[in-house]
Amino acid sequence: MDNDTRQKPGTALAPTDERGASSRCWFLLHPIKSLTILFLVWKAVLFLVIINCPGPGYDTSTTLLLGPSQSPAPAKELWGSFGIPSISPILRFVRWDSIYFVHIAERGYLYEQEWAFGYGYTGLLSHLTAALRPTENGIGPTEVALVAVGISHLSHFLSVLSLYALTKTIFGAETNAQRAFCLVSAALHIISPAGAFLSAPYGESLFSFLNLTGFCLYLSAVFDEDTGRRISRDVKFLAAAVLFALATTVRSNGILSGCLFAYDAALGVARVITRGFSLEVMHRLFVVVLGGSIVALGMVGPQYVAFMAYCTNSDLSRPWCKQLIPSIYGWVQAHYWNVGFLKYWTVSNLPLFCLAAPMLAVLCQSAFSALQKPLAEQIYLSSARDASSQKTRLRQSCLARLAITQGLLAIMALTSYHVQIINRISSGYPLWYWYLASLALDKTKPSQPTPAGRHLFSAATQGMVIYGLVQAVLFGSFLPPA
């Protein structure tokens, strides 16, 4: 009697290929739903931790936003115009720099030192709060804080989707390994070391969304150029420049993304020198220079507004007005916040350098690896569309461009910033997420990660989760580091 090889009812044949394997994994079949669930769970945990921190915190500066007529004692009786308690829970998210953001959005820039805080972000908070809830007496801190927290959560979720789309653009999503890589990279962004700062009234989440979406459009334009779609390339280049400019108004380090256009401009000049003038080369060079100029407007625009406010009236003129390139941002950072080359290198700040060391190491290692090609080789996930060596070279070119901006960020944070902020401002740069995700993948056997890589990836993810939870407690209690 012949053996019956038909599948019996209630049993399933083991998949023998990647498509079969992916069909068994709900997460890979529904990546957006998977990311949404993880995002909601993580945000809910952080929210509960922050709002349940006891008391007003170590520092009571948040209560000063309420004014002398609203002391923190009757907090349970205070209700904002949105129907949310004034102290608990919304104003528990108003800690450290977010006090400045909320106060500036509430009544505009009043003091010179406040110009260190993103002009674009505070302007958005002010206009959006006023539009959503116009009142005769103006907007209050509770309303601003509520809108800011909403913007942060929405922007963070959209930036997760942007990173997922960017990863698909560069590496594809045709195979099981590629889909897993895209999903893991975006999931890492959810549990980013930025933690509570991506939920609070800070510009990090909005910056991350604008910057990552800008990268997505820019690199998509590079791929369009490879396929000869020049009109689409030009539109995406300029759209990316607009997003980078907006990101720069939110956080000044957005100007580093303009290095992408500087890189392309240098390539254009080199082509002119080596190959001579041609209509196509000059056209591309014009678009690139225009894009770079648009990015620069994100920095110049707010400086111009401040210049008109302080430097056109001789009675209000300040020392920075007489500088060769007058910049209120550079002045207040150096004069009021002691930001400058090696100024943060003091013995008392050594613990903060230790806190920032893991992220700085990951940023530098991933950038160096991308420039040296090993990273591209490690996360090379084969598919039908990657058969040509041209596609591989194009991917390497994209990673090298991103490495430049990320490497500059790490250098600036190490030498000139308050170094601990690298844990939160790094959230808007994709390369290091890919580096960590690559640790869990073996390019020859994507379903069997190398033991060393698996352990490093596990340690990194566990470290980010633990750090995020501890940071939420410290943040809600108004305790450093910030």
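Visitor: Hi! How many helices and strands are there in the protein chain?

Guide: Hello! The protein chain has 19 helices and zero strands. Keep in mind that the model is predicted.

Visitor: And what share of the residues counts as buried?

Guide: Of the 482 residues in the protein chain, 50% count as buried.

Visitor: What about contacts in the chain, how much comes from residues 24 or more positions apart?

Guide: Taking contacts with a separation of 6 or more, 75% are made by residues 24 or more positions apart.

Visitor: Let's look at a helix pair. At what angle do helix 18 and helix 19 pack?

Guide: Helix 18, residues 431–439, packs against helix 19, residues 451–476, at about 130°. Their axes are 7 Å apart. Angles over 145 degrees would count as roughly antiparallel and 65 to 115 as roughly perpendicular, so helix 18 is oblique to helix 19.

Visitor: Which residues meet there?

Guide: From helix 18 you have Trp-432, Leu-436, Ala-437 and Leu-439. On the helix 19 side they meet Gly-453, Arg-454, Leu-456, Phe-457, Ala-460 and Met-464.

Visitor: How do the residues of that contact divide into nonpolar, polar and charged?

Guide: The contact of helix 18 with helix 19 has eight nonpolar residues, one polar and one charged.

Visitor: Staying around there, where does Ser-426 lie?

Guide: Ser-426 is in the loop between helix 17, residues 422–425, and helix 18.

Visitor: Buried or exposed?

Guide: Ser-426 counts as buried, because its relative accessibility is 0%.

Visitor: What does Ser-426 touch?

Guide: Not counting residues up to four places away in sequence, Ser-426 touches Met-359, Leu-363, Leu-409, Trp-432 and Tyr-433.

Visitor: New topic: aromatics. How many aromatic pairs are there?

Guide: The count comes to 29 aromatic pairs.

Visitor: Which residues do ring pairs link into a cluster?

Guide: One cluster links Tyr-100, Phe-101, Phe-117, Tyr-121, Phe-197, Tyr-202, Trp-337 and Phe-475 through ring pairs.

Visitor: What sits over the ring of Phe-197?

Guide: That would be the charged end of Arg-424, 4.9 Å from the centre of the Phe-197 ring.

Visitor: On to the backbone. Which residues does a cis peptide bond join?

Guide: A cis peptide bond joins Pro-480 and Pro-481, with omega at about 5°. Pro-481 is in the segment after helix 19.

Visitor: And what is phi of Asn-338?

Guide: Phi of Asn-338 is near 55°, which is a positive value in a residue other than glycine. Leu-342 is not a glycine either, and its phi is positive at about 65°.

Visitor: Where are Asn-338 and Leu-342?

Guide: Asn-338 is in the loop between helix 13, residues 328–335, and helix 14, residues 350–372. Leu-342 has its place in the loop between helix 13 and helix 14.

Visitor: Let's move to Gly-268. Which helix is it in?

Guide: Gly-268 lies in helix 11, residues 259–275. At 8% relative accessibility, Gly-268 counts as buried.

Visitor: What is Gly-268 in contact with, leaving aside neighbours within four places in sequence?

Guide: Gly-268 is in contact with Val-281 and Leu-285. Val-281 is found in helix 12, residues 279–310.

Visitor: How far apart are Val-281 and Gly-268?

Guide: They are 13 residues apart in sequence and 6.6 Å apart in space, C-alpha to C-alpha. For Gly-268 and Val-289, 21 residues apart along the chain, the C-alpha separation is 9.9 Å.

Visitor: And Val-281, buried or exposed?

Guide: Val-281 counts as buried, at 16% relative accessibility. Besides Gly-268, Val-281 is in contact with Arg-271 and Val-272, leaving aside neighbours within four places in sequence.

Visitor: Last one: where is His-153, and what is it in contact with?

Guide: His-153 lies in helix 7, residues 141–171. Leaving aside neighbours within four places in sequence, His-153 is in contact with Phe-39, Lys-43, Leu-198 and Ser-199. His-153 and Leu-206 are 53 residues apart in sequence, and their C-alpha atoms are 9.1 Å apart in space.

Methods:
Residues numbered from 1 in each chain as written. Predicted model: local features only at pLDDT ≥ 70, side-chain atom pairs only at ≥ 80, totals over all residues. Heavy atoms only, no water. Axes fitted to C-alpha atoms, helices over the stretch in contact; angles between N-to-C directions. Helix = DSSP H or I, 4+ residues; strand = E, 2+ residues; numbered from the N terminus. Parallel < 35°, antiparallel > 145°, perpendicular 65-115°, else oblique. Contact = heavy atoms within 4.5 Å. Nonpolar A, V, L, I, M, F, W, Y, C, P; charged D, E, K, R; others polar. Phe/Tyr/Trp six-rings, centres within 6.5 Å; stacked < 30°, edge-to-face > 60°. Lys NZ or Arg CZ within 6 Å of the ring centre and 35° of its normal. Buried < 20%, exposed > 50% of the residue type's maximum accessible area, 1.4 Å probe, protein only.
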